Amino acid sequence: GTNTGDHQRVELVAPNGQVYETVTGRLDDKGQADVRLMLGGTFIEEFQLHGTWKARVYYNSAEAPVKETTFEVVP
């Protein structure tokens, strides 16, 4: 289960390997947090940062990710 104040930190890594954004969300009673990546009107759209992105998920203040996944941003 989760405790009050538990959170996840997600590093969104662009196809060039640079961390684009870090988003922190408080975990709900199911141990989930809602994290969204805005595309329209951002550097992603302006500089056409299409390709394979990574999301690294950290639990609370952990230094190592508990999960890493990839996703595609297409034009």
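Reader: Which residues does Val 57 touch, not counting residues up to four places away in sequence?

Author: Val 57 touches Gln 8, Arg 9, Val 10, Pro 65, Val 66 and Lys 67; contact means heavy atoms within 4.5 Å. This is a predicted model, in which local features need pLDDT of at least 70, side-chain atom pairs count only at pLDDT 80 or more, and totals for chains, interfaces and linings use all residues. Residues are numbered from 1 along each chain as its sequence is written, and side-chain values use heavy atoms, with hydrogens and water left out.

Reader: What makes up the largest nonpolar core?

Author: The term denotes a set of buried Ala, Val, Leu, Ile, Met, Phe, Trp, Tyr and Cys residues joined through side-chain atoms within 4.5 Å, where buried means under 20% relative accessible area (1.4 Å probe, protein chains only). Val 10, Leu 12, Val 23, Ala 55 and Val 57 form this five-residue core. Strand S1 (7-13) and strand S3 (51-59) each give two or more residues to the core; strands are DSSP runs of E, at least two residues, and helices runs of H or I, at least four, numbered from the N terminus.

Reader: How many helices and strands are there, and in what order do the elements run?

Author: The protein chain has one helix and four strands, and from the N terminus on the order is β-β-α-β-β.

Reader: How many of the 75 residues, as a percentage, count as buried?

Author: Of the 75 residues, 24% count as buried.

Definitions and conventions: Buried means under 20% relative accessible area, exposed over 50%, partly exposed in between (1.4 Å probe, protein chains only).
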